[in-house]
Amino acid sequence: MANANKPTAAVTGAGGGLGRDIALALAAKNYRVFGTAMTPGEIADLREASGGAVTPTHCDITDESAVRNWARDVATQD
């Protein structure tokens with residue numbers, strides 16, 4: 001498990017603005033980063049900008065069910 005010893009971060013709003021900057025900075029510091037984004041374009045941009053180091057997922061953080069599902073998905077990542 002190559003990722004087992006890496007610190008991990010979850011960043012909401014990683015698709016743009018400060019959240020994007022934080023996600024990219026953490027990835028550059030060798031963190032496993034899971035982020036939320038609102039559009040397919042934000043997801044693609046974040047993947048490209050991070051060289052695949054950030055795992056972005058569509059999630060509307062105002063939707064409690066969506067956040068629970070996202071958190072469950074992140075928790076099961078190896």
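Predicted model: local features only at pLDDT ≥ 70, side-chain atom pairs only at ≥ 80, totals over all residues.

Student: Where is Ser50, and how do you know that?
Tutor: Ser50 sits in the loop between α2 and β3 (54-58). Residues are numbered from 1 along each chain as its sequence is written, and side-chain values use heavy atoms, with hydrogens and water left out.

Student: Why does Ser50 count as buried?
Tutor: Buried means under 20% relative accessible area, exposed means over 50%, and partly exposed is in between (1.4 Å probe, protein chains only). Ser50 has 14% relative accessibility, so it counts as buried.

Student: What does the side chain of Ser50 reach?
Tutor: The backbone oxygen of Arg47, at 3.3 Å. A polar contact is a pair of N or O atoms within 3.5 Å; within protein, one must be able to donate a hydrogen and the other to accept it, and residues adjacent in sequence count only if both atoms are side-chain atoms.

Student: And Leu46, buried or exposed?
Tutor: Buried, because its relative accessibility is 0%. Leu46 is in helix α2 (residues 40-49). Setting aside neighbours within four places in sequence, Leu46 is in contact (heavy atoms within 4.5 Å) with Ala14, Gly15, Arg20, Leu24, Val54 and Pro56.

Student: What makes a set of residues a nonpolar core?
Tutor: They must be buried Ala, Val, Leu, Ile, Met, Phe, Trp, Tyr or Cys residues joined through side-chain atoms within 4.5 Å. The largest one has 10 residues, including Leu46, Leu24 and Val54. β1 (8-11) and α1 (17-28) are the elements giving it two or more residues, and α1 supplies the largest share, 4 residues.

Student: Why is Asp60 called partly exposed?
Tutor: Its relative accessible area is 27%, so it falls in the partly exposed class. Asp60 lies in the loop between β3 and α3. Its side chain makes a polar contact with that of Thr62 (2.6 Å), and, not counting residues up to four places away in sequence, Asp60 touches Met38, Ala66 and Val67.

Student: What about Asn30: which class, and what is its phi?
Tutor: With a relative accessible area of 44%, Asn30 is partly exposed. Its phi is positive, about 70°, although Asn30 is not a glycine. You'll find Asn30 in the loop between α1 and β2 (32-37).

Student: How do you know that the length of α3 agrees with what a helix should span?
Tutor: The expected span is 1.5 Å times one less than the number of residues. For the 12 residues of α3 (residues 64-75) that gives 16 Å, and the end C-alpha atoms are 16 Å apart, so the two agree.

Student: What caps the N-terminal end of α3?
Tutor: Asp63 does, with a side-chain oxygen 3.1 Å from the backbone nitrogen of Ser65.

Student: Finally, in what order do the elements run, and why call the chain as compact as a globular protein?
Tutor: From the N terminus the order is β-α-β-α-β-α. The radius of gyration, taken over C-alpha atoms, is set against the globule rule, 2.2 Å times the number of residues to the power 0.38. The chain's value is 12 Å, close to the 12 Å the rule gives for 78 residues, so it is as compact as a globular protein of that length.
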